[in-house]
Amino acid sequence: MPEEKVIIFDTTLRDGEQSAGAGMTVEDKLQIASQLDRLGVDVIEAGFAAASPGDFEAVQRISKQVRRPIIASLSRANPADVDRAAEALKGAERPRIHVFLSSSDIHLLHQMRKNQEEVLIMAVENVARAKRYTADVEFSPMDASRTGEDFLCRVVEAVINAGATTVNIPDSVGYAIPEQFGALIKALLNRVPNIHKAVVSVHCHNDLGLAVANSLAAVRAGARQVEGCINGLGERAGNAALEEIIMALHTRKDLFSVTTNIDTAQIYPTSRLVSEIFGFPVQYNKAIVGLNAFRHASGIHQDAVLKERVTFEIMDPATVGWRGTSLVLGKLSGRAGLRARLEELGFHPATDELNQIFEAFKALADKKREVTDLDLELLMAEQRRVVDTRMYRLEHVQVRTGSAETPTATVRLACPDGATVTGTSTGNGPVDAVCKAIAKLVGVEPALDEYVVHSVTGGLDSVAQVTIRLNYQGRLYVGRGADTDVIVASGKGYLNALNRLLAAETIANRTAAAS
Ligand code: KIV
Ligand code: ZN
């Protein structure tokens with residue numbers, strides 16, 4: 001019998017973006033969507049079109065530019081939301097509207113103040129409305145795992161009759177236990193008379209650390225779509241980590257007997273890109289994509305793996321695109337060597353782009369004896385951050401500091417209109433002085449919410465990676481910067497966050513002016 005396929009639905013750009021402090025630009029989302037396309041996911045939930053002008057623009061642009069996967073927009077079960085989702089998805093090759101509505105008594109009583117019959121009507125009416133725009137409609141009864149089974153069966157049957165082609169069963173608060181969740185999926189498959197007309201999907205949150213286990217139990221019970229986020233991002237404790245689900249299905253094929261469309265070698269590059277853009281580091285011991293996931297510390301293990309890899313490795317690291325942290329290039333390396341290594345790491349720069357990257361690489365190699373893969377990844381990330389000419393660029397930083405003097409910074413910025421501006425500020429430390437000088441020049445001074453410095457490869461000559469979160473009118477904007485000089489890295493990170501803030505403001509102002 002041919003193996004059945006499990007549809008992989010990625011919601012990194014929607015539920016993942018709900019992670020506190022994510023704050024991405026539309027350009028960031030486009031980059032992630034393109035990488036998800038390379039990874040081979042079947043569905044990309046690009047955003048929640050009615051939630052904000054930025055979300056609308058992201059769904060719209062991803063719909064136009066990413067053509068292979070299905071592009072979905074989330075929508076509450078109301079006509080205005082459904083219409084907005086349809087509008088944003090207009091340019092998509094394969095649009096999906098994903099309607100959701102709470103179904104548990106707890107939500108009905110305390111949040112919605114509606115009874116079951118009212119909810120049933122709203123669900124059916126809005127699925128039918130979405131169906132007028134696209135054949136591909138998904139419905140999610142929110143908090144399904146805390147919904148009474150009888151009512152859940154009624155809702156599922158009714159939305160399928162109204163045209164839903166996927167019914168997604170969310171464990172919205174991460175309350176389920178694998179055995180119980182698998183049994184719920186089995187009950188729906190057995191009890192809902194028209195269930196064969198829809199794909200049964202699951203969407204598990206990780207509040208008890210069981211999101212992946214619950215998703216896998218559901219697949220064993222017959223679910224054929226799994227939703228999740230790269231690196232397990234998402235609301236509160238996050239969603240099921242897609243890379244873990246994919247590799248569990250792949251590694252334990254003997255048990256699951258299902259396939260996916262995923263190119264597993266793209267898992268590691270996708271994880272790195274998402275971590276970089278979200279500004280959330282991946283924990284070292286994280287399954288599949290953590291720095292230690294394929295490192296063996298114990299001498300006994302090392303000895304065994306050298307004799308035969310399968311003794312202590314259930315996956316070949318290369319399968320997930322992991323290449324270790326091997327030393328690669330130095331100051332004598334040439335352009336061709338750099339291009340070859342970048343291509344092995346999944347980057348494909350055009351020739352003029354490569355010229356700029358080569359200059360940056362040479363400058364780095366001058367400061368650092370050994371340039372590792374991790375350094376190259378950072379260099380590429382830094383490159384990506386500065387190419388957008390609609391943004392401010394940090395051209396020069398100079399700092400006077402010492403134990404007995406007030407730190408003073410002078411910075412020069414290249415502006416989006418092509419001009420160059422220079423400014424000076426003092427601060428309670430050199431980083432503070434640099435950030436204040438930049439803020440004065442740009443003309444916005446948000447509060448600093450978080451400042452983290454990470455040494456990427458260890459050693460005193462290591463590249464410093466700085467992550468900064470700025471709070472502006474209650475919204476967080478993340479910025480990152482990398483340099484061998486921690487002060488310069490901080491300035492770059494601060495300006496990166498300001499650029500993201502300004503991009504979000506521009507979209508909001510454009511929308512306000514148009515309406
Ligand atoms: O967790 C949840 O219930 C959701 C729905 C909107 C699918 O994210
Ligand atoms: Zn969710």
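I located V486 in helix α17 (residues 486–514); helices (H or I, at least four residues) and strands (E, at least two) are DSSP runs, numbered from the N terminus. I was working on a predicted model, in which local features need pLDDT of at least 70, side-chain atom pairs count only at pLDDT 80 or more, and totals for chains, interfaces and linings use all residues. Residues are numbered from 1 along each chain as its sequence is written, chains are lettered from A and ligands numbered from 1 in the order written, and side-chain values use heavy atoms, without hydrogens and water.

I noted V486 as partly exposed because its relative accessibility is 34%; buried means under 20% relative accessible area, exposed over 50%, partly exposed in between (1.4 Å probe, protein chains only).

I next examined the barrel. Eight strands close it in the order β2-β3-β4-β5-β6-β7-β8-β9, with parallel pairing; the twist averages 25° from one strand to the next, with axes fitted as lines to C-alpha atoms and angles running from 0 to 180 degrees between N-to-C directions. Strands β5 (residues 95–102) and β6 (residues 137–142) pair in parallel over six bridges, where pairing requires at least two DSSP bridges. I found F100 opposite S140 in β6.

I then inspected the zinc ion (ligand 2). Its protein donors are D15 (OD), H203 (NE2) and H205 (NE2), 2.0 to 2.1 Å away; donors are N, O and S atoms within 2.8 Å of the metal (3.2 Å for Na, K and Ca), and sites may look incomplete, as water is not among the atoms. I recorded D15 and H205 as buried.
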